[in-house]
Amino acid sequence: MITIGLIGKTNVGKSTFFSASTMAEAEIANRPFVTIDPNVGMGYVKSKCVHIEFGVKCNPRNSICIEDYRFIPVKIVDVAGLIPGAHEGRGLGNKFLDDLRKADVLIHVIDASGSTNEEGMPIEPGTRDPEEDIAFIEKEMDEWFFSIINKDWSKFARTADLAGKDYVESLLAKLSGLSINKLQIIEALKVSNLESTKLMQWTEEDLRRFSKTLRQISKPIVIAANKSDIPISKENIKKLKEKYKMVVPVSANSELALRKAAKADIIKYIPGENNFEIKGTLNQKQKEALEFIKSKVLDVYGSTGVQDTINMAVFEGLRMIVVYPVEDEKKLTDKNGNILPDALLIKNGSTPKDLASEIHTELAKGFLFAIDARKKMRVSEDYKLKTNDVIKIVSTTAKS
């Protein structure tokens, strides 16, 4: 399962974002270091379900279908907030960074209103530039990566070079605790122009360039510009979008309020939508809260941003697509008759054989061919899967 790490300085709303996206309990307070041990919960990626196109009613097994949408589970880890100098052990820095080792992609929750200083203490909105927080968090991440790669580098490089080892494999072994794969290391070497340079010849500048590039490739970051409902945030978010590729305006408080109201059956609300339907009787306070969310968040940004951030992290940050494997391409079922039972997240550019590997290693070993259920025809072994493909794998070993 994909793991998303929530990062950010302390007291910017990470725990609220976590609670809003998972509905798991997490302590929320306007003070630094509310989170000490990581909160772990289940969030969901949202995608249009193909049952609409095929005109069938699906029976989800590994995911949830709500009206027209399939919600596919991902793990979300909210770790302790960072302060400058975290990589040197300040605050809860070492613990924070260790908790992120297994994350595939990161969501950096920032205070878009600039109402918390670098230590996470409350200040007047607009006092701090949110871009300073982005810069210092990225610096801490880069220093963390560098410290891991640089540790015992001379001895490591000499051993690898003199033994004539494949240094991609050597680097992979050295960095095994960071959930980094071979392709990411190859890409980082290429981007850093170090493909043909012996490890012993790397300078400190080379090491820093490689570690930063590898961090960017292996732990992509989406910026969740939280507190978007505070007026000054709008201009700050506009500036951030001009400079950074993946920025989403977010009001985690609003999303949490909507999800709680939906859970209490006061409203009907599908996460990530731009509206909600009132079902129950509201008191004045509830009415005012929902009116505020509608006018200050949904009408301004199109959503609260929480679901959009998770989607961006998975679909853009990790470049994943959704594919539906089936055993019967005519009935769109598995062996138990469940219609469109599984929605799998798989890398964009994957082939049917890659999909077979995701389902079961034995299925991939005996792979013969695949059938596109939409076109009712075979697809080639090197066919590049597209989002919402419905695929039957034919193998000498039936495991789907």
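Which helices and strands each supply at least two residues of the lining of the largest pocket? They are strand E4 (69–78), helix H7 (182–191), helix H8 (204–218), strand E6 (221–226), helix H12 (306–317), strand E10 (320–326), strand E11 (344–347) and helix H13 (352–359). Helices (H or I, at least four residues) and strands (E, at least two) are DSSP runs numbered from the N terminus.

This is a predicted model, in which local features need pLDDT of at least 70 and side-chain atom pairs pLDDT 80 or more, while totals for chains, interfaces and linings use all residues. Residues are numbered from 1 along each chain as its sequence is written, and side-chain values use heavy atoms, without hydrogens and water.

**Largest pocket**
- The largest pocket has a volume of about 1600 Å³.
- Gly317, Leu318, Arg319, Met320 and Lys347 are the closest to its centre among the 50 lining residues.
- A pocket is an open set of points on a 1 Å grid over the protein atoms alone, where a 1.4 Å probe fits, with protein on both sides within 12 Å along at least five of seven lines; lining residues have an atom within 4 Å of a point.
- Volume is the space filled by probe spheres set on the points, which are joined across faces, edges and corners.

**Whole chain**
- The chain contains 14 helices and 14 strands.
- Its C-alpha trace spans about 70 × 60 × 35 Å along the principal axes.
- Buried residues (under 20% relative accessible area, 1.4 Å probe, protein chains only) make up 52% of the 400 residues.

Technical notes. Buried < 20%, exposed > 50% of the residue type's maximum accessible area, 1.4 Å probe, protein only.
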